[in-house]
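Reader: Hi! Could you walk me through this model? I'd like to start with the strands.

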Amino acid sequence: MAVALIRSRLLMVSIKPLTVVSSSPRSSLLYHTRTMTSTSTKDVSSQSDIGKMRTEADGSFKRAASSFRNFIENDGKFTPEKGRYHLYVSYACPWATRTLIARKLKGLEDFLAVSTVSPHMGAQGWPFKNGDPSWADADDDTEHPNFQHLKELYLLADPNYGGRFTVPVLWDKKLATIVSNESSEIIRMFNTAFNHLLPADKAAIDIYPEAHRQEIDSINEWVYDTVNNGVYKSGFAQSQAAYENAVYPLFKSLDRLEEMLKGKDYLVGNTLTEADIRLFVTTIRFDPVYVGHFKCNLRDIRHGYPNIYLWTRKLYWNNDAFKSSTKFDHIKEHYYWSQTLVNPSRVVPAGPVPDIEPL
């Protein structure tokens, strides 16, 4: 499609009146007021189009902080209620996959529904199924049936929003706004916020136990910087120096993790924690995507890191929260199709085969 046509369509965004699930007159009023406000000709393509992403002057990639950082809590604005919240995700996205795993582990499937976007993140960002009928395994936005792209949800919550339109999104149906788009905080909400409403066995599951929090926080810090985000800093680097400044620390951290996981099923103590969730979403994508697409090719996981690979396979094959949240077709299609700055041809590679080996 010609660039001029894409820009023209982006400048002609219009939002039709929609049927909204609302539990209060106030939220309905907020919705209609925001709808009128967000019917704007403002060009948001720099926020939606990954092809317009800019790196730093030295060619390095710097991830912007999440903008919506509210919490579900008993005495707050967003109280824990069954059916009040809706989760928007992509199976391709590692950050969103964190929330799917935590939701499944805690048995929250009946508490908050999920809408899955297509992996084809194009000029207008993440599309729902009606915005990309070519990808069958996606959902329409059941809360706002006429919305075709996730960006419309952001602009409904805040017509002046200036950040990127990212997943995951935790949406409050009652107040018609975004609670959070920060995955690390959403999984902690899922861990505790609904415990008093859950069966005892699910309430007892604790992925951020008090006794291990200091160690979990310490691991999370360097794993995020050098591994979770390190693959992106390597892949999006626009200079040789920026790439090398990311890829070598990435493999140094993988070497460290390999030693930590020797003879262990979990990173911290003898229990599954959020540290495992946060690392798994990167290691499960490493061989199918990051080795080739992001040039993280000093070693792959399956041949270069036997302890990490065994740990990854045990989580995937032995715990359905991990397996059911992993869709390799979404993962490969998204990275190779959407990120045209890295892969202009949009050719999706056939391997590796299999995506993950059996135990």
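Author: Happy to. Val 89 stands opposite Thr 116 in E2. Strand E1 (residues 85-89) pairs with E2 in the parallel sense, over four bridges. Strands are DSSP runs of E with at least two residues, helices are runs of H or I with at least four, and both are numbered from the N terminus. Two strands pair if DSSP finds at least two bridges between them.

Reader: Before we go on, what kind of model is this, and how are residues numbered?

Author: This is a predicted model, in which local features need pLDDT of at least 70 and side-chain atom pairs count only at pLDDT 80 or more, while totals for chains, interfaces and linings use all residues. Residues are numbered from 1 along each chain as its sequence is written, and side-chain values use heavy atoms, with hydrogens and water left out.

Reader: Thanks! What is the strand order in the open sheet?

Author: The order is E2-E1-E3-E4, with mixed pairing. Strand E2 (113-116) and strand E4 (177-180) are the edge strands, each pairing on one side only. On average, neighbouring strands are turned by 35° against each other, direction ignored; axes here are lines fitted to C-alpha atoms, for helices over the stretch in contact, and angles run from 0 to 180 degrees between N-to-C directions.

Reader: Which helix packs on the sheet?

Author: Helix H5 (residues 150-157) does, touching E1, strand E3 (169-172) and E4. Its direction makes about 50° with that of E3. Contact means heavy atoms within 4.5 Å.

Reader: And where is Pro 168?

Author: Pro 168 is in the loop between H5 and E3. Another cis bond runs from Gly 351 to Pro 352, with omega near 0°, and Pro 352 is in the segment after H15.

Reader: Switching to aromatics: how many pairs are there?

Author: There are 22 aromatic pairs. Rings of Phe, Tyr and Trp (its six-membered ring) pair if their centres lie within 6.5 Å; planes under 30 degrees apart count as stacked, over 60 as edge-to-face and the rest as tilted. Tyr 290 and Tyr 335 are edge-to-face, because their planes are at 85°, with the centres 5.5 Å apart.

Reader: What lies over the face of Trp 337?

Author: Arg 346 does, at 3.6 Å from the ring centre. A charge sits over a ring if NZ of Lys or CZ of Arg is within 6 Å of the ring centre and within 35 degrees of the ring normal. Arg 346 also has a positive phi of about 60° although it is not a glycine, and at 34% relative accessibility it counts as partly exposed.

Reader: Last one: where does pLDDT stay under 50?

Author: Over residues 1-29, and again over residues 35-40. pLDDT is the predictor's confidence in each residue, from 0 to 100. Where pLDDT is low, the predicted coordinates should not be read in detail. The protein's mean pLDDT is 90, and 89% of its residues reach 70 or more.

Definitions and conventions: Buried means under 20% relative accessible area, exposed over 50%, partly exposed in between (1.4 Å probe, protein chains only).
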